[in-house]
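Please examine the sequence and structure shown here.

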Amino acid sequence: MPDEPHPLVELPGSERAPLAEAVPAGELDTSERAELTLVLRRRAEIPAEIVAGPTVLTSDELAERYGADPADVDLVRQTLTGLGLEITAVHPATRRVKVAGPIGDLARAFGARLQQVSSPAPKGHGTVTHRYREGPLYVPAPLDGVVTAVLGLDTRPQARPHYRTAPAAPAAAAAQGTSYPPNQVADIYQFPAGTTGAGQTVAVIELGGGFTTSDLDAYFGGLGIPVPSITAASVDGASNNPADTSGASVEVALDIDVIGAAAPGAAQIVYFAPNTDNGFVDAIAEAAQATPAPIAISISWGQSEDAWTSQGRSAMDSAMADAAAMGITVCAAAGDNGSSDGVSDGRPHVDFPASSPNALGCGGTKLLANPSTGVISSEVVWNETASGEGAGGGGVSDVYAVPSWQANAGVPPRASSSAVASPAASEGAAAGHRRHHPPGGGGGSGGGSGSGGGGAAGRGVPDVAGNADPTTGYQIYSGGQAQVVGGTSAVAPLWSALISRLAQATGQRFGLIQPALYAGVTPGTDVAGFRDITSGNNGAYAAGPGWDACTGLGSPDGTALLTRLQG
């Protein structure tokens, strides 16, 4: 018989905001079995100097120093099994405990009121039926302060893929666009000669879709490149599903094709996970714990900061901090909807996980270059909003403070409206229009972005940039046909490929690479290793000399960046 239930204590940061588009979709079967992810507190916080390197921890060292305390794990096991639930897995290094049982029992254990609803699927591909909750969660009193996140009760789609397909040919011609195979983009950006990413592994996170061997053979055969080592890995029951009709397979192909063409010597492991908060966190954690450890994790999925619970952001941010401590660089797309990030409240928003200080935020440009010579004739901020073809995301976080390595880059306070303004000009106008939470978003409720009081400027997004405009997009192959696709979804794998080639050239693991990239940066000045993008805007922010909230430090000059990192 289960024990008598303990009093419940509210779990900070667990509040879910209502989902306006959700409509009832029948009765929820509370007898159905489900599995949740619990995240426990660290036995000690990871020092900033460990996250920033150059020390690289092993998984065992991470578990022993900064993982879950065995006493905490025992307490969670005893408390939850006493309520009739089952502990199905324990991951001490990543502090995750998997707990399973009938949905009704899980809901009672954590004080949730669940219902079944349908809501729009990501990128407008129909609707999806899922479990749904509003308000906060609770934990049994003995676990207060021990459990920092309970993920997976609400299974709404947590993120959207940041890709954009190219417009019809006449529109592309009118926009003076062209397209490139990814290996050509790598050459244009001067990826280090004599490198292919050999000996490195890149992990790719996917929350839907799939790939086929026939597509890979056709694509890489057409480029004259041997098919790279590409392996599918299953997370939380998801799998490689090329029959997925959501459009996610285009994202999968974009990621694989960009990495495989730009770094053909690197192995790829593609982690397929459910598009839920726990699926996303579990995928990053499992990728980071793989053997051999990947050199980079490529993430082309995200959502506005305020679409997350604080506990969900904190859990993912911690997973990326773990990755950085093990020498893994997490590259995350900054979004395809300009400074609004697709939110219709008239205020700027940034995309998460790109806004995490533990992720390398990757923004977008429009690149025009001579395909035969590789000479760049023009590179500006990607912004085709007027024609409905998207714009690169970027801005100032409402959740994360300015990291120490970005303190001298000239990040402005958050802009107060969607009106176009240069970062410098927006400082005074925006100073009183943002709300600040401590790093990790701990202690707050679900919505990080929005209006609020004053405070110091937040973490600036993006850090780096690359070709993303679909009118100058990447030639890929998906579903048996050639396609041209852009979006910042292409920039995260492009930078992951570059990281693998830089690692091959230097014999180093970079982990959190931002301290090296931002070293010596001052406002309004070019940065060695980057092509400074000074023209264009993404809505609320305009590009200018030096770091800006459209393209970060700029697009890469891989050879110059290698020289800088070696120096």
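How far apart are the mean positions of the positive and negative charges of the protein chain? The mean positions of its 29 positive and 53 negative charges are 3 Å apart, with Lys and Arg counted as positive, Asp and Glu as negative, and His and the chain ends not counted; each charge is placed at NZ of Lys, CZ of Arg, CG of Asp or CD of Glu.

This is a predicted model, in which local features need pLDDT of at least 70, side-chain atom pairs count only at pLDDT 80 or more, and totals for chains, interfaces and linings use all residues. Residues are numbered from 1 along each chain as its sequence is written, and side-chain values use heavy atoms, without hydrogens and water.

**Overall form**
- The protein chain has 14 helices and 27 strands (DSSP runs, H or I of at least four residues for helices and E of at least two for strands, numbered from the N terminus).
- The C-alpha trace spans about 75 × 55 × 50 Å along its principal axes.
- Of the 567 residues, 58% count as buried (under 20% relative accessible area; exposed is over 50% and partly exposed in between, with a 1.4 Å probe and protein chains only).

**Cis peptide bonds**
- Phenylalanine 352 and proline 353 are joined by a cis peptide bond with omega near 20°, and proline 353 lies in the loop between β18 and β19.
- The bond between valine 461 and proline 462 is also cis, with omega about 0°; proline 462 belongs to the loop between β22 and β23.

**Positive phi values**
- Most residues other than glycine have a negative phi.
- Arginine 95, in the loop between β4 and β5, has a positive phi near 60° and is buried at 5% relative accessibility.
- Glutamine 190 has a positive phi of about 60° and is partly exposed, at 42%.
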